Each structure stands twice: as C-alpha cells, then as structure tokens.
Amino acid sequence: MSAPSAPVAAYVLHLRAFRESGAIVDFFTRDHGRVSVFAHGVGPSGSGKRPRNGTAGLLQPFTSLLVSWRGAADGGQLAVVEAAGPPRTLPPARLMSGFYLNELLLKLMARDDAHPNVFDQYHAALEVLAAAVDQSPLARRAEAGALRRFEHALLEALGLCGDFSIEAGTGEPLDPQATYRLRPGLGLMRVASGVRGLWGADLLAMAEGRLDEDAVLATARLALRELLDAALDGRPLLTRQVARGVANVMQSSRRAGRDKPDS
Amino acid sequence: MAFQLLERRRDGAHELAVALSAALEDVGHCSRCRMLTDGDLCPVCADPRRDAAILCVVESPADVVAVEQSGGFRGRYFVLNGRLSPLDGIGPEELGLQHFEALLAEGEVTEVILATNATVEGQATAHVVGELARQHGLRATRIAQGVPMGGELESVDGGTLAHALAGRLSLE
Ligand SMILES: [Zn+2]
C-alpha cells in the first residue's frame, strides 16, 4: 500500500455512512482544497462497531484537524487524524451558520483544487461564530459579518465576484447616493432614482470590507446571495431549507405557547 | 451470515426469514412516541406506572433500549428517528417535531431531557428541541457527563449512561 500523504490542515465538512462500519468523509484542506476519502470504523450509527479510539470523536465538523490519507484525494483512504489545537465548539445557536458554510464549500468547491485563502477565511469565520455566544445584536452582527466575509472570499476565489466599487460598463466609481442592481457575470448597473436597488454607499462600504452596520450587512446579503444563486445554478441549499423549517416550527410553537389559556 | 445459515442451519434460516417478514409487516411506530412497536402504543407509553411528566428525547429506538437497560429512568420517551442533519436536508419535519410539539401542548409533560448523541448534529438537534420545550415553559435538561464527543448512546455502557442521566444539566 502506498505511503500516506503528509499531514495537512483540514476540517470535516460532512460525513456520510458507507457500508456497515465506514464513512465517506468530505474534508476541506488548506493545501488540497476539498478531499473526499473513505474512513473505516467511524459509522454508521447503530452498527455497534464503532471503535472507542477517539477517531469518531475527532471527525466532527468545525474541529481543526491534521489529516493524511493514502491514494487519491478523491476516493483514497483516511490514514491519520489528529486534533490541531484545542477543541472548538460552536454555540448551539450558531451551528446552523456553520452547516451553511460547509454546504457552500461542498456545493461550490471542486475536489483537489487548493484555495488557501478560502481556508483561512473559513477558519476565521468559525472563530467569530465560536465567540458569538449570546443572542445580543452585537453577536448577531458578528455572525452575519462572518458569513458575508466568507461568501465574498469564496466567490472571489471562484472568479465569480466582480468589483463592488465600480459601475459595470462605464467603469466609473459608484455614486454613494445612487442605487444599483447586480447582474451576475456583468456587474453593478445603475437604476433610475426611486427604483429599489442596492445603495451605492452600502456597496462601497462592503467593497472596503466594512461589514459592521446593519444596512451594509443587509445590502451585502442581497448582493452576495444573487451571486451565490447564480453559482449554484438552480441547486437548492438544503441548509437554507432546514433553517426555514426550524424557524417555522419555532414560530408555530411560540403561537401555541401564547394561545395557552393559562399563560 | 447468509451463507452460514444456508449451509449449516437451514431450519434456523427459515425461522429467521419468517421472523423478519413478520417484523416488516407488523412493526410500525408508536403513535405517541414514535418508538418501533407492533401495536398502536409501545409498552412504555402503554404502561400507566411510567411518569408522563418527564419526556426523554432520543435519536433512535436503540437509544431507548440503551436507556431502559440503564434502569434508572421512569419517564417516557420521544424518538426522533434521526437527528437534525441540515446538509442531508433532514429537518424538523423528518424528525416529527410537529408531533413532538403537539405532545407538549397536551400539557402533561413538565420536563424534557435531551438525550441526543454527543455529536455536532446531536447538539444542533438538542438545541432546537430544547428551544421548543422552553417556548412551552418547560424545564429542558441535557445529559452532559460521561458521553464522549462523537459518542453514540447505544455504544456507551449502562453505568456511564446512568451517570450521564443523573448528572444532566439545565440548559440556560
Ligand atoms: Zn411510545
């Protein structure tokens, strides 16, 4: 059997049970981009064959790892997994955001295509999510900022993100007082005054990475979503659907709680 | 296993086949807690001595068996038959959370114990179920100690599990 690859910095994106006691693990690695390898003895649930050697515990999303494998980056065998640093747990209320980042990487990153900058941005986003422990406006803003920064970095790495500071066609800098619409693949087009669109001032702030005001965050969300939807080309994001389902069940439960005669 | 049965134990193989097909035909889910059962209610839900005020939420029927074997639990269960797994599109609907909510709305339950696995998906599941319980003004506790990260309840020994149940923590 071939020698294992040199250990590389990695995160688990997703784990799928495979056969009786194995799993296919999708990693995001710093040096090889997405890697998909087979791991023995870590799944599936209910097989009763799970080894208690800690590998299953390490192979969890959002934990910094060092991994090596034998064979191809697509279809090889997991060789070694080690923790790289102290364990990181995301606050429960931030887990959905973490899953969302993972789905973006799974759906938009090609296998074995290294993007160290996206990896570093992913790592940075997880650090922000891990620190956003409460439900204060500050924590929510930090969470939104981390997601937008990551989306921006990912789209840029994929060559799908234009310049948010200039107008398409003319190449003129944006007018802070004007509104624009974003056409994926083309860029920002000015719209007639009075027509709803993205504020020039917000887009300029976003282009400079100043993502801390609610208005800028809202504009960035719309603009980046436009680009992501184009990149996804009609493929739905399951994490978005599940997040919506969670919001719905919470809302109906809140209603039920309110309607109780004794409360 | 199939070869061994065919070669050495043909009678046994026949019995197994009959048992399996009976299981496939008769076994459904408990209308109250979603546990596998061949009746309308599972034995736990049908037992009047079980405490209806305490509801233990688990991922799988095997977890019910594991907690029952620990012997220290006298409440009832709710079986999700899965875990929140957003990347696989498994959300509240697949886990029967509307049904869970309806159960809470009946008003008998006063405490919900979250005994989902100590995995990231198990934590996400516990978070959502716990929020629902809190919206109904209920105490939500999470088994915390003794279950290793990445650990599945069914593979934890009874002693550890009993400890984990005894040492459950209130979710803030
Ligand atoms: Zn039942």
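**Zinc site, helices and confidence of the predicted model**

Cys33(B) and Cys42(B) are both buried (under 20% relative accessible area, with exposed meaning over 50% and partly exposed in between, for a 1.4 Å probe and protein chains only). The model is predicted, so local features need pLDDT of at least 70 and side-chain atom pairs count only at pLDDT 80 or more, whereas totals for chains, interfaces and linings use all residues. Residues are numbered from 1 along each chain as its sequence is written, chains are lettered from A and ligands numbered from 1 in the order in which they are written, and side-chain values use heavy atoms, with hydrogens and water left out.

The zinc ion is coordinated by the SG atoms of Cys30(B), Cys33(B), Cys42(B) and Cys45(B), at 2.2 to 2.3 Å. Donors are N, O and S atoms within 2.8 Å of the metal (3.2 Å for Na, K and Ca); water is not among the atoms, so sites may look incomplete. Along the chain, the donors of the zinc ion are spaced as C-x2-C-x8-C-x2-C. The site is tetrahedral, with angles of 105 to 116° among its four donor atoms; four donors count as tetrahedral if all angles lie between 85 and 135 degrees. The ideal angle for four tetrahedral donors is 109.5 degrees.

Chain B also contains helix H5 (residues 97-105), in which Leu97(B), Phe100(B), Glu101(B), Leu103(B) and Leu104(B) are buried. Helices (H or I, at least four residues) are DSSP runs, numbered from the N terminus. The buried residues of H5(B) fall within an arc of 155° seen down its axis, so they line one face of the helix; the arc is that of the directions from the helix axis to the C-beta atoms. After H5(B) comes Gly107(B), with a positive phi near 95°.

In chain A, Arg149(A) lies in helix H4 (residues 137-157) and is partly exposed, with a relative accessible area of 37%. Leaving aside residues up to four places away in sequence, Arg149(A) touches Gln121(A), Gly209(A) and Leu211(A) (contact means heavy atoms within 4.5 Å).

Chain A averages a pLDDT of 89, and 92% of its residues score at least 70; pLDDT is the predictor's confidence in each residue, from 0 to 100. Over residues 44-53 of chain A the pLDDT is below 50, although this stretch has 25 contacts in the model beyond near neighbours in sequence. Where pLDDT is low, the predicted coordinates should not be read in detail.

Definitions and conventions
Tetrahedral: all angles 85-135°; square planar, octahedral: opposite > 155°, others 65-115°. Helix = DSSP H or I, 4+ residues; strand = E, 2+ residues; numbered from the N terminus.
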